[in-house]
Amino acid sequence: MIRQLNSNEIIKLLGKDFDSQSIDESKNELYVSADQLTNVCSILKNTKQASFDLLTCISGVDYVEYFQVVYHLTSTIHKHSCVLKVNLFGRSDLVCPSVYKFWQGADFQEREIWDLLGIYFEGHPNMKRIFLWDGFEGHPLRRDYLESPR
Amino acid sequence: MNSELMTVNFGPQHPSTHGVFRLRITLDGETVVGLEPVFGYLHRGSEKLAEERTFTQVITLTDRMDYTSAMTNNQAYVLSCEKLMEVTPPVRAQYLRVISAELSRIASHLIGTGFLINDLGAFITPLMYCFRERERILELFEMLCGARITLTYMRVGGVFQDTPAEFWPALDSFLTDMEFHLDEYESLLTGNEILLSRTVGVSSITTDQALNASITGPILRATGFDWDLRTVDPYEVYNRVNFEVPTGENGDNYDRYLVRIKEMRQSLSIIKQCVEQIEPGKVRLDLPFLIRPDSGEAYGRVESPKGELGFYLISDGSISPYRCKVRPPSLINLTLLNEMIVGWKVADMIVTLGSLDFNMGEVDR
């Protein structure tokens with residue numbers, strides 16, 4: 001079985017170097033600020049107790065008041081998984097650091113979120129639309145894109 | 001001798017791209033020196049559509065993602081819904097789901113194998129051998145739910161209906177014949193000199209490369225790494241059956257082919273054990289027509305024929321999902337295209353695309 005870690009266990013893995021002031025504790029996921037994300041991912045990928053070597057899924061969610069980027073990580077060595085969440089406020093010029101340098105698997109998934117939700121991933125080597133063409137206006141997966149026909 | 005570089009659009013309408021997939025390749029003579037995949041020709045906005053449909057209606061959208069194995073798509077979605085609602089379907093339904101998902105896996109691998117051999121230049125004949133058996137699986141699906149490709153067989157809390165009486169004898173005779181047919185493919189292909197010389201050592205990747213690029217499924221297992229969600233994170237009744245996870249050694253095109261052939265044998269064994277173990281009973285929970293899961297979120301995943309297929313569902317308590325994010329294995333498995341193809345000849349590129357066995361319906365959604 002793959003065991004899902006709760007936020008306290010993830011904080012324990014992050015160690016003393018990590019400034020735990022800036023995170024909210026909740027049950028199954030760890031909220032990380034965008035500035036902290038690179039730091040957190042580096043620790044989760046490279047320390048032996050964590051070794052999250054498989055980036056399962058990156059999702060973007062539009063909660064209208066804010067956007068959320070959700071990372072599902074899995075460790076094939078320890079057979080555990082965790083969920084990281086980054087909240088981004090505002091409706092335009094949203095920027096989130098890219099995790100491409102830790103997991104190459106972020107390549108297409110981050111491009112997809114930029115294409116459909118308009119969250120720009122800084123540090124991604126090829127940040128451009130993936131499904132829609134370059135001249136397309138807007139980001140269709142946003143809740144305010146348009147009233148879709150029923 | 002120096003030659004001028006040339007950029008060629010490969011696809012979107014090319015038989016070996018298996019759908020509408022375009023590659024912008026830069027060629028030095030016949031060697032590929034640069035490559036950029038272009039997606040989106042089959043983008044239908046399934047995730048956006050799902051936000052406007054009820055939880056049950058979304059099942060029909062999942063059929064149209066990886067249309068070669070609709071059962072596993074259904075399974076991944078309904079498992080996520082059940083995780084969200086914290087319900088467990090009846091045991092008979094779980095067995096029926098596993099049987100149909102494994103049939104789907106065989107059908108998908110038959111397409112993967114057939115088209116790989118087709119891309120190698122063995123025009124149509126081996127493909128038709130594979131389609132002959134696939135046809136029988138589609139007939140079994142027709143008995144289960146009346147449809148052949150877009151099945152919508154599974155429901156949240158079970159399956160659509162119990163099996164008709166004629167299903168079990170037909171399944172039995174298929175299982176017996178399929179063993180023979182797999183031997184037949186292997187006698188024609190596995191030691192075949194043309195297949196060996198065209199695929200062994202071509203486009204190989206290492207386990208570290210594959211894991212770092214989030215590649216799952218037969219492509220990851222062909223590198224020699226034992227990672228199958230059916231064993232590492234068993235869902236439904238996979239912990240009640242015994243099977244092996246076939247792995248390769250070199251992660252090249254040949255190993256990917258071999259892993260798929262071996263997986264089909266394991267799937268047959270899983271179905272046989274399920275047929276022995278299954279008992280009469282209910283096939284569906286009594287859930288309301290319009291499901292309203294409590295606010296929350298769930299990530300459910302299954303081992304689809306292409307790799308890890310996941311659904312990240314968020315509910316706000318209404319009748320349709322607030323967000324329905326798909327983790328498409330076909331798309332993510334293409335991350336390493338550059339590493340696999342650059343440096344090889346155009347003819348090898350076509351074989352590699354065949355051995356990756358991706359499905360554009362799932363890549364673009």
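I began with helix 5 of chain B, whose buried residues pack against helix 4 (91–119) and helix 6 (167–189) of chain B. Contact here puts two C-beta atoms, placed from the backbone, within 7 Å. Helices (H or I, at least four residues) and strands (E, at least two) are DSSP runs, numbered from the N terminus.

This is a predicted model, where local features need pLDDT of at least 70 and side-chain atom pairs pLDDT 80 or more, while totals for chains, interfaces and linings use all residues. Residues are numbered from 1 along each chain as written, with chains lettered from A and ligands numbered from 1 in the order written.

Next I looked up which residues of helix 5 are buried (20 or more other C-beta atoms within 10 Å of their own). I noted B:P126, B:L127, B:C130, B:E133, B:R134, B:I137, B:F141 and B:L144. Just after this helix, I found B:G146 with a positive phi of about 90°.

Of its 138 residues, A:V69, A:C82, A:L84, A:I119 and B:C81 touch the most other members. Helix 4 of chain B gives the largest share, 14 residues. I followed A:C82 too: leaving out residues up to four places away in sequence, A:C82 touches A:Q4, A:L5, A:I10, A:L30, A:F52 and A:L73.

Last, I checked the contact between the chains, which takes 26 residues from chain B and 26 residues from chain A. On the chain B side, strand 7 supplies the largest share, four residues.

How values were computed:
Buried ≥ 20, exposed ≤ 12 C-beta atoms within 10 Å, placed from the backbone. Core = buried A, V, L, I, M, F, W, Y, C linked by C-beta atoms within 7 Å.
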